[in-house]
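Here is a set of exercises on reading a protein fold, each with a worked solution. Take a look at the model first, then work through the steps with us.

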Amino acid sequence: MKDVQILMLSQMAPVVVDGIAKHFTLHKAWEHPDRDAFISSVASDIRGLAPGTHYRVNGAIFDMLPNLEIVSNMGVGYDTIDAKEAGRRGLIVTNTPDVLTDEVADLTVGLLLATVRQLPQVDRYLRAGEWLKKPYPLTATLRGRKVGILGLGRIGKAVAKRLEAFGLEIGYHGRSKQDVPYRYEASLVGLAGWCDVLVSVAPGGASTDGIVNAEVFKALGPDGIFVNVGRGSVVDEPALIEALKTKTILSAGLDVFVDEPRVPAELIAMDHVVLLPHVGSASVETRRAMGQLVVDNLVSWFSGKGPITPVSETPYTGSAFA
C-alpha cells in the first residue's frame with residue numbers, strides 16, 4: 001500500500017507517524033513553513049487524512065483534496081471535523097472509541113473526588129507548611145450525593161458504573177431515554193435540579209454548544225458540583241465563571257475548556273476549582289491504543305475491508321476502495 005499517500009496536518013504520536021509511514025507514503029504538513037502551499041503541491045495524490053489536533057477539517061480542506069477517501073481521527077470526539085459534510089461527499093470519518101473509555105471514566109471519578117475533597121488544595125497546603133500551623137479546614141463530602149450525567153454514551157455508562165460502587169444515586173439526560181437502571185430527566189435543567197453533582201461527558205458540536213448555562217447552574221444550586229470531561233464547548237464558560245464567583249454552585253472540576261489550551265484567567269485564579277489540561281485519556285497505554293486505531297482504520301480501509309470505527313455521520317456501505 002506504499003502507493004497510497006496519506007496527509008498528516010499536525011504532528012502526532014510516534015505510534016501514529018511510524019505506523020502510517022510503515023504502510024503508506026506519509027506527507028507531514030507540519031514540517032513545511034508554508035503548510036497550505038505544501039498541501040496544494042501534493043493534494044491530488046492524497047487519499048487519506050490523519051488531521052492530528054488544532055485543525056478544523058471542513059469543506060475547504062475537502063475541496064483541496066479531490067481524491068480524499070477517509071479521515072482517520074484520533075479521539076472519540078470529532079467536533080473539529082465536519083462529518084456531515086464528509087458524509088455528503090461520500091467520505092469516511094473514523095474515530096477511536098472504546099479504547100479510551102475506561103481511562104476517561106477513571107479520570108472522571110478521580111477528578112470528582114479531587115474536587116469534592118479539595119485534594120490539590122490540600123496537597124498545596126501541606127507543601128506550604130501550613131499543616132504545622134493548623135489542620136486543613138473540613139471539606140464537602142461525596143456521601144449521599146445524587147449524580148447527574150449529561151451524555152450517557154460509552155464513557156457516561158462507565159462513569160455511572162464506577163459511581164454506583166460508591167453507593168450514589170445516578171440520573172442522566174440525553175436525546176432519548178435508554179434501557180438502563182438510572183433515573184431519566186427529559187431536560188438538562190430538570191437533571192440539574194434533581195442532582196447535586198453534574199458530570200458532563202457530552203460531545204461537542206452545534207447541538208450541544210453552550211447548553212450548560214446559567215439556568216443549569218442555578219438549578220444545580222449552592223451545594224452543587226460541576227465536572228466536565230467531555231467538551232468545553234458544551235459549557236457557557238462566562239456563566240460558569242459567574243456561578244463560581246457568586247457561589248451559585250459550590251465548585252467545579254474541569255478537564256476541558258472552550259478555547260484550549262487557553263484557560264480563562266478567572267478560573268485559574270480560583271482556588272476552589274480543580275483544573276486539568278485535557279488529560280482524560282492521557283496515559284501511555286491508552287494513547288498508544290488510540291494511535292494504533294488511527295493506523296488500523298487506514299490500513300483496513302485501503303485493504304478493501306472497510307473502516308473499523310466509522311462515525312455515525314459516515315456509515316460504511318461496503319464501498320471501500322482496494
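**Exercise 1.** Find the strands that H5 lies across, and its angle to E10.

*Solution.* Step 1: Helix H5 lies across strand E9 (197–200), strand E10 (225–228), strand E11 (251–254) and E12. Helices (H or I, at least four residues) and strands (E, at least two) are DSSP runs, numbered from the N terminus. Contact means heavy atoms within 4.5 Å.

Step 1: H5 runs at about 150 degrees to E10. Axes are lines fitted to C-alpha atoms, for helices over the stretch in contact, and angles run from 0 to 180 degrees between N-to-C directions.

Before going on, note that this is a predicted model, where local features need pLDDT of at least 70 and side-chain atom pairs count only at pLDDT 80 or more, while totals for chains, interfaces and linings use all residues. Residues are numbered from 1 along each chain as its sequence is written, and side-chain values use heavy atoms, with hydrogens and water left out.

**Exercise 2.** Work out the order of the seven strands in the open sheet, and which strands stand at its edges.

*Solution.* Step 1: The order is E8-E7-E6-E9-E10-E11-E12, and the pairing is parallel. Two strands pair if DSSP finds at least two bridges between them.

Step 1: Strand E8 (183–184) and strand E12 (273–275) are at the edges with a single partner strand each, so one side of each has no neighbour in the sheet.

Step 2: Look at one pair. Strand E7 (residues 169–173) and E8 run parallel and are joined by two bridges. Tyr-172 stands opposite Tyr-184 in E8.

Step 3: H7 lies across strand E6 (146–150) and E7, and runs at about 170 degrees to E6.

**Exercise 3.** Describe how H5 and H7 pack.

*Solution.* Step 1: Recall that two packed helices are described by the angle between their axes and the distance between the axes.

Step 1: Helix H5 (residues 101–116) and helix H7 (residues 154–164) have axes 9 Å apart, at an angle of about 50 degrees. H5 and H7 are therefore oblique to each other. Angles under 35 degrees count as roughly parallel, over 145 as roughly antiparallel, 65 to 115 as roughly perpendicular and the rest as oblique.

Step 2: H5 passes H7 in a right-handed crossing. A crossing is left-handed if the near helix is turned anticlockwise from the far one by less than a right angle, and right-handed if clockwise.

Step 3: Among the residues that make the contact are Val-104, Thr-108 and Leu-112 of H5 and Ile-155, Ala-158 and Arg-162 of H7. By class, the contact has eight nonpolar, two polar and four charged residues. Here Ala, Val, Leu, Ile, Met, Phe, Trp, Tyr, Cys and Pro count as nonpolar, Asp, Glu, Lys and Arg as charged, and the others, Gly among them, as polar.

**Exercise 4.** How do the axes of H1 and H12 cross?

*Solution.* Step 1: The axes of helix H1 (residues 14–23) and H12 come within 8 Å and cross at roughly 25 degrees. That makes H1 roughly parallel to H12.

Step 1: H1 passes H12 in a right-handed crossing. The residues that meet include Val-16 and Ile-20 in H1 and Val-295 and Leu-298 in H12.
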